[in-house]
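Have the sequence and the 3D view open as you read.

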Amino acid sequence: MSGGFKSYVNMNEVEKAEPEVQKKDVKKIASEVFGGPLEPKLLPGELVIAEGHNVLKFDSTDDFNHGISGALFCTNFKISFVTANRSSYDLGELRQRNQLLSEHDIALTCVEAVYQVWNGKKKRLPAGSNIQGRVGILEIHCKDFRILPFSFKFTPKEAERNVVNAILHHAFPTSLDLLFAFEYNPGKNLRIGIADTPEFRAVKDWERELSRVNPSGWRVSFANTNFKMSDTLPEQFIVPSSLSDHDLNNSSPHFVDGRVPLWSWSHQNGSALVRMVELRTDTTQTQYLERHCLPSTQVVPLTTIRKVKFVSPVVTISQLSCRGVLDSMLRAIESTHPERTKASIIDLGRLCPSPKYIQQAYYKLRDLCMPAGAEDFWAADQKWYSLLDGTKWLQCVSACLSVSSAVAERIAGSRQTVVLREYDGRDLSCVVASLVQVILDCHTRTLVGFQALVQREWVVSGHRFTDRLHHVHTMDRESKESPVFLLFLDCVWQLLQQFPSCFEFTETYLTTLWDSARVPLFATFLFNSERDRYVACMDAKRDKNDNTSPTLMPVWDWSLQFSDQDRLLFNNPLYGGKLAEYFPEHPSNGPTVVPPNPTNTLGSFKSRNKWKSKKKKQASASAQVSFVAPSTPSFNGPLFPINIGAGLKLWTQCYMRWIPWAHTVGGGPPSEYFHQCLLVDELHILNMKIHSLEMSKPDQHNTSQESGMFFTFESPRGFDANDSLTSAFPYSPIGSMDRKSIVGTPLFSFLRRMSVSSYNGAAANGDD
């Protein structure tokens, strides 16, 4: 025996046994040594469709030079790679562990595309196709910006073909009922931990929201019971008290999809935020625009309809009837205001980017943040800022924040009711209505309040999650897919960066929420509307023939995915509500009226695409504001962010967590989070000790997670944050990182006070 290797297998005893026993014993010993057979962890209702052994999983950032061996499985829920190698989970406790998906697992709905790599050439494999020959290397591109290459060099041909074809068929389902949510059978372990998050499918949830906000002149309507009025509205929603359900039923045919105006939120000054769709016309929308808004010789592409401004069309008799209905609706909305002031109508189709524009920007951002290898990354690194600006993603973020801030200022500052108008009211109105509430209502910045906001303004209000997240593979994908929800989360993240003490949750929570939106288990983000959810449940119940509906789980039950310890990653140590426990003098009342922000002007989105103002005066004012840090309000005061220039950043934890060259070892926001947790936990311990002394009782402080922090002061896990944490925490694998990949970046050169021109020399020499 050489090399210091010690064998724990007694081969003499194995040789004396029968062949069948030898095989069983060897398998048993291997199971004990490697921690179990190479089998995936299956959920209730999950089935293995195909499997292949002796598969190599490569690191896409290492040009296929290093890999680990294991078995690749395709189930009706995920693609699972199981290896006997030590997982990064075993190397430390600093990684978020998902209890549904292991480290090397991919949810089927998270698969973006599948490629075959052969002799250095890459070919995209069509969804649903059948592969007959050898694949070589299978490269899976994920919607969370991961690239996972697998090699079948040592895998039998039959097993290779079965696995690849199973992935091509099951990763691109053609109908919702094929998703795993309808097969999942958790038994008695249902709905743990969601009691505090209302789902707004019962009238009591709407009444509780009315009681919390306490608006005057509004009531819960039952006009859409059994979805008899609109297929896309919830069964209950809030409308002006002056309108009866009979009035709503008579008015709904005049609005797109029968969506009458509905209440979103009210300010304490009496101003309200209302969402409204366009009026129906006597012709289709495309014909209407061609006839009245553009020259008759010009053809209007469907993708540009939302960008065309409505200008004094010829009014027909049916249009006059619609205008009368609209006027009556606006009068009812204005009657809820204490001063009966006229409502302000904001046209989001003119001010905000269209879903198609957002999708195009997202494609460019994805290409930038998914380098195929080190060569592509370093090529993009040299012109990073120009490439990032070319994606137009931050311009979309800026436009939404700017419009939302302006709307919030009109409600809080000008005391004016605002009506958000969008063609069908299911995309950008969700974004702006939600952001306005985050800006003005401190309750929406708590964990439960934010989840209730998403449930109310997105889920039950009919955002098309099926189409926008592309859960179902269709031929018209390009016209429907758009990450509108991701854009909203990015805007919230920008607010979190500018006002870190005003949010109860962290950026890890926002990233986890976006990841969960692509898990085909949670009904929260699966459907286009509440009616679609109801119909899908009834169809599944009918197919089962056992009179039981499928168990559709909400995403808000975080205990299904994470342990109590990992859920502590959602708690923000800087949250003012938490700090107020240790500092009673912490301010609690924020200003109710905020002065206008020069950047919060309701200009057109078309002008924002160029990132410059037509007037020098406006340009100088915007430039001046962009370099001024946002005000620091109390944690429950209104937030008015900087929405241009230096005030906006790239959400690196979400978009670049799988790129090791872009990570900062021992630095970045995770390092700050680590020390903030220790400080807050220390304050908690001192507070407990002071309390015990005041009560003349011995200190009985328990060093458990009473403070709600992931890192604790008394037990900081015995590691050095400078070596263990990276800027991708808690998603990056734990382990040493080659610092030569760090010293060559322009950022490192800047920190070393080197000129950017000397960057190439530093990268070549690898000097520390």
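## The largest cavity

By class, 8 nonpolar, 6 polar and 8 charged residues make up the lining of the largest cavity (Ala, Val, Leu, Ile, Met, Phe, Trp, Tyr, Cys and Pro count as nonpolar, Asp, Glu, Lys and Arg as charged, and the others, Gly among them, as polar). A word on the source: this is a predicted model, in which local features need pLDDT of at least 70 and side-chain atom pairs count only at pLDDT 80 or more, while totals for chains, interfaces and linings use all residues. Residues are numbered from 1 along each chain as its sequence is written, and side-chain values use heavy atoms, with hydrogens and water left out.

The whole structure holds 11 cavities of 30 Å³ or more, and the largest of them has about 380 Å³ of space. A cavity here is a set of points, on a 1 Å grid over the protein atoms alone, where a 1.4 Å probe fits but cannot get out, and lining residues have an atom within 4 Å of a point. Grid points are joined across faces, edges and corners, and the volume is the space filled by probe spheres set on the points. Which residues come closest to the centre of the largest cavity? Of its 22 lining residues, they are Asn98, Leu101, Asp144, Arg146 and Asp515. Helices (H or I, at least four residues) and strands (E, at least two) are DSSP runs, numbered from the N terminus.

## The second largest cavity

The second largest cavity has a volume of about 90 Å³. Its lining consists of Glu112, Lys143, Gln359, Tyr362, Arg468, Leu469, Glu481, Ser482, Pro483, Trp514 and Arg518. Sorted by class, that lining has 4 nonpolar, 2 polar and 5 charged residues.

## Rings and charges

A pair of aromatic rings is described by the distance of the centres and the angle of the planes. Rings of Phe, Tyr and Trp (its six-membered ring) pair if their centres lie within 6.5 Å; planes under 30 degrees apart count as stacked, over 60 as edge-to-face and the rest as tilted. By this rule there are 40 aromatic pairs. One of them joins Phe503 and Phe505, edge-to-face, with 5.5 Å centre to centre and 65 degrees between the planes. Phe503 and Phe505 are both buried (buried means under 20% relative accessible area, exposed over 50%, partly exposed in between, with a 1.4 Å probe and protein chains only).

Arg146, one of the residues closest to the centre of the largest cavity, also has its charged end over the ring of Trp658, 5.2 Å from the ring centre. Likewise, Arg657 lies over the face of Tyr731, at 4.7 Å from the ring centre. A charge sits over a ring if NZ of Lys or CZ of Arg is within 6 Å of the ring centre and within 35 degrees of the ring normal.

## Helix faces

Which residues of α4 are buried? They are Asp205, Trp206, Glu209, Leu210 and Val213. These residues cover an arc of only 140 degrees around the axis, so they sit on the same side of α4; the arc is that of the directions from the helix axis to the C-beta atoms. Lys204 and Ser211, on the other side of α4, are exposed.

In helix α10 (residues 374–381), the buried residues are Ala374, Phe377, Trp378, Ala380 and Asp381. Viewed down the axis of α10, they fall within an arc of 160 degrees and therefore line one face of the helix.

## Backbone details

Most residues other than glycine have a negative phi, and most peptide bonds are trans. Asn214, in the loop between α4 (203–213) and β9 (218–221), has a positive phi near 60 degrees and is exposed at 63% relative accessibility. Arg340 has a positive phi near 55 degrees; this residue lies in the loop between α7 (317–334) and β13 (344–347) and is exposed, with a relative accessible area of 55%.

A cis peptide bond, with omega about 5 degrees, joins Phe729 and Pro730. Pro730 belongs to the loop between α26 (721–724) and α27 (746–751).

Technical notes. 1 Å grid on protein atoms, 1.4 Å probe; cavity = no way out; pocket = protein on both sides within 12 Å on 5 of 7 lines; lining within 4 Å.
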